[in-house]
Amino acid sequence: MFYIYCPYCGEHREEEEFHPKGQAHIERPKDPEACSDEEWGNYLFFRNNPRGVHHEMWVHAVGCRKFFNVTRHTVSYEILETYKMGEQPSITADSQKQPREPAAVSHQEGVRA
Amino acid sequence: MSNAVTFDTRTDTAIPVESPLAFSYRQSGAPRAGSSSRVQLRERAMLGHLILRGGAIVLDEAVRDVLGISLPGKPQALVQDTSGERSIQWLSPDEWLVIVPGGEEFPLETQLRERLGNSHYAISDVSGGQTALEITGEAARELLMKAVIYDVHPSNFPVGKGVTTVFAKATTILRRPSEERWELVVRRSFADYCYRWLLDAAAEYSVNVEQ
């Protein structure tokens, strides 16, 4: 049981009300006719699966039924921020790199001990 | 007025009409508990439910003109007129639920359509698709705490708030129009399920069902 902040409802809501909808910020090629098969294939079928910070689309399925974006850490599952559709994330893999590394190492050592 | 095709879903002819809970009353009964009851359950049947969709500013002007209530712009807000019979609830940034006394929904829809003209909006009459259950009594909040995943403590759920959330695994709208009154807006197809769940959960408070 945990809470996710819905940027449209403006409050934290139960996780049960949400559904994940895959990678965010996928842009449809402006001119599909001019795409190579590889470009079109990449757009349709291939998704990132990063270890670390990942931007995803979620939908508040039971509440306001709006899609929004979630920045989530795929190792710790921590939700770093949520933001509305059309907005850009303030936390990215690059911005997280410096403070994240030492914590990840100490966590691994803790597991080994 | 736009060229949308509308029709009054309430017929003048003598077609028998039943509330969504009519079946449940026959099947599961309606317990009467009298003065010992700590929870009272009542269906507010046959009300007019309209879903308004569109831009807040455009709809607000129209609704204020026609209904005399301003559209709630704040998330989770529920506003009512002075009699408490007509209400508008925020459902999402571009969606509102209007509940009016039964029979008023079609004239209201027509008036709104006339007022809105060719603006970008949608009005759907969902009166037949859902029904409102009213829960009152001292144990009402305790009863809701058993079934609703949303925090119903008064500090989180003041009067004039309404949320769409999960009630006993079913999607429902939960709202609090006044201090002692809670309202569940349930789908017609879920009405019997929710009713039976409520009877079961409220049995320990000796539930009293008003028909």
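View 1. B:Ser24 belongs to helix H1, which covers residues 22-28 of chain B. Helices (H or I, at least four residues) and strands (E, at least two) are DSSP runs, numbered from the N terminus. This is a predicted model, in which local features need pLDDT of at least 70, side-chain atom pairs count only at pLDDT 80 or more, and totals for chains, interfaces and linings use all residues. Residues are numbered from 1 along each chain as its sequence is written, chains are lettered from A and ligands numbered from 1 in the order in which they are written, and side-chain values use heavy atoms, with hydrogens and water left out. B:Ser24 is buried, its relative accessible area being 0%. Buried means under 20% relative accessible area, exposed over 50%, and partly exposed in between (1.4 Å probe, protein chains only). Leaving aside residues up to four places away in sequence, B:Ser24 touches B:Gly29, B:Asp192 and B:Tyr195; contact means heavy atoms within 4.5 Å.

**View 2. The open sheet E3-E4-E5-E6 of chain A.** Four strands, in the order E3-E4-E5-E6, make up this open sheet of chain A, with antiparallel pairing. Strand E3 (19-23) and strand E6 (79-84) stand at the edges with a single partner strand each, so one side of each has no neighbour in the sheet. Direction ignored, neighbouring strands of this sheet are turned by 35 degrees against each other on average; the axes are lines fitted to C-alpha atoms, for helices over the stretch in contact, and angles run from 0 to 180 degrees between N-to-C directions. Two strands pair if DSSP finds at least two bridges between them.

**View 3. Strands E5 and E6 of chain A.** Strand E5 (residues 67-73) of chain A runs antiparallel to E6(A), and five bridges join the two. Within this pairing, A:Val70 stands opposite A:Thr82 of E6(A).

View 4. Over all chains, the structure holds zero disulfides (a disulfide being a pair of cysteine sulfur atoms within 2.5 Å). A:Cys6 is in no disulfide, and the nearest cysteine sulfur, that of A:Cys64, is 3.7 Å away. A:Cys6 is buried, with a relative accessible area of 0%. B:Cys194 is likewise buried, at a relative accessible area of 0%.

**View 5. The fold of chain B.** Chain B contains five helices and 11 strands. Of its 211 residues, 51% count as buried. Among contacts in chain B between residues at least 6 apart in sequence, 66% join residues at least 24 apart.
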